[in-house]
Amino acid sequence: MTLTSADTMGDFDDLPRLMSLMTGDEKHGPAATSTLDALWVLYDRVLRVSAQTVGAADRDRFLLSKGHGPMAYYAVLAAKGIIPEEWLPTFGSFDSPLGHHPDRMLVPGVEISSGSLGHGLPLAVGTALGLRAQGHSGSAVWVLVGDAEMDEGSNHEALAFAGATGLDSLHVIAIDNDSAKLGWRGGLASRFAAEGWSAMTVDGRDHEALHHAFTTPHPGRPHAVIARVERKY
């Protein structure tokens with residue numbers, strides 16, 4: 001099967017309506033809305049996966065490490081026809097497939113069941129290595145993290161390994177809303193660059209800047225895009 005980037009069905013302007021269908025407690029609104037633009041550009045213009053190809057062996061993979069605010073993710077999946085819109089009002093309710101963290105066994109298109117922060121990037125490294133071993137060299141792996149979870153030691157081990165091994169199918173989107181306790185001298189991109197990654201910092205609300213950063217060539221190196229958005233508080 002030959003895959004192309006995601007279908008153009010759905011519209012960004014419809015995402016607020018889709019998100020409004022999800023009510024209840026523990027919505028983690030800022031965690032969700034901070035990711036909305038990056039997720040949309042990725043699924044609308046870059047990621048090679050659609051409702052018809054979520055099970056294709058050579059699909060691109062997207063891993064949501066910042067899983068505690070999944071409303072934007074669910075809204076994008078619904079806009080792209082990967083999950084039914086009718087699921088959205090059930091968000092977080094008993095027997096709903098849409099939990100407060102995405103469950104890969106219940107939600108089509110979800111690659112990992114996220115939990116404690118700091119797991120997504122190491123899992124993405126393993127996914128990229130596995131795809132390489134299976135000969136799927138054209139399958140890109142994307143993982144979305146938050147700036148605060150980059151405090152986790154597991155992430156530092158993962159980014160050091162990926163940089164040292166030139167894992168160029170691996171891409172990180174880091175949503176930076178100044179949630180990290182200490183921050184990073186020179187900005188978060190400098191942490192990736194120090195380990196041999198290609199790294200760019202862009203306005204996380206500018207769709208053209210995000211698309212340019214997502215599609216910038218980075219031969220022989222993994223790639224990180226730091227998407228700066230408004231402060232969390």
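Contact is taken here as heavy atoms within 4.5 Å. In this predicted model, leaving aside neighbours within four places in sequence, Phe62 is in contact with Leu39, Leu42, Tyr43, Leu47, Tyr73, Glu111, Trp142 and Leu144. Local features need pLDDT of at least 70 and side-chain atom pairs count only at pLDDT 80 or more, while totals for chains, interfaces and linings use all residues. Residues are numbered from 1 along each chain as its sequence is written, and side-chain values use heavy atoms, with hydrogens and water left out.

The structure holds 8 aromatic pairs (rings of Phe, Tyr and Trp, the last by its six-membered ring, with centres within 6.5 Å; stacked if the planes are under 30 degrees apart, edge-to-face if over 60, tilted for the rest). Tyr43 and Tyr73 make a tilted pair, at 6.4 Å centre to centre and 55° between the planes. This pair links distant parts of the chain, with Tyr43 in helix α3 (residues 36-46) and Tyr73 in helix α4 (residues 71-79), 30 residues apart (helices are DSSP runs of H or I of at least four residues, strands runs of E of at least two, numbered from the N terminus). Both tyrosines, Tyr43 and Tyr73, are buried (under 20% relative accessible area, with exposed over 50% and partly exposed in between; 1.4 Å probe, protein chains only). Tyr43, Phe62, Tyr73, Tyr74 and Phe91 form one aromatic cluster.
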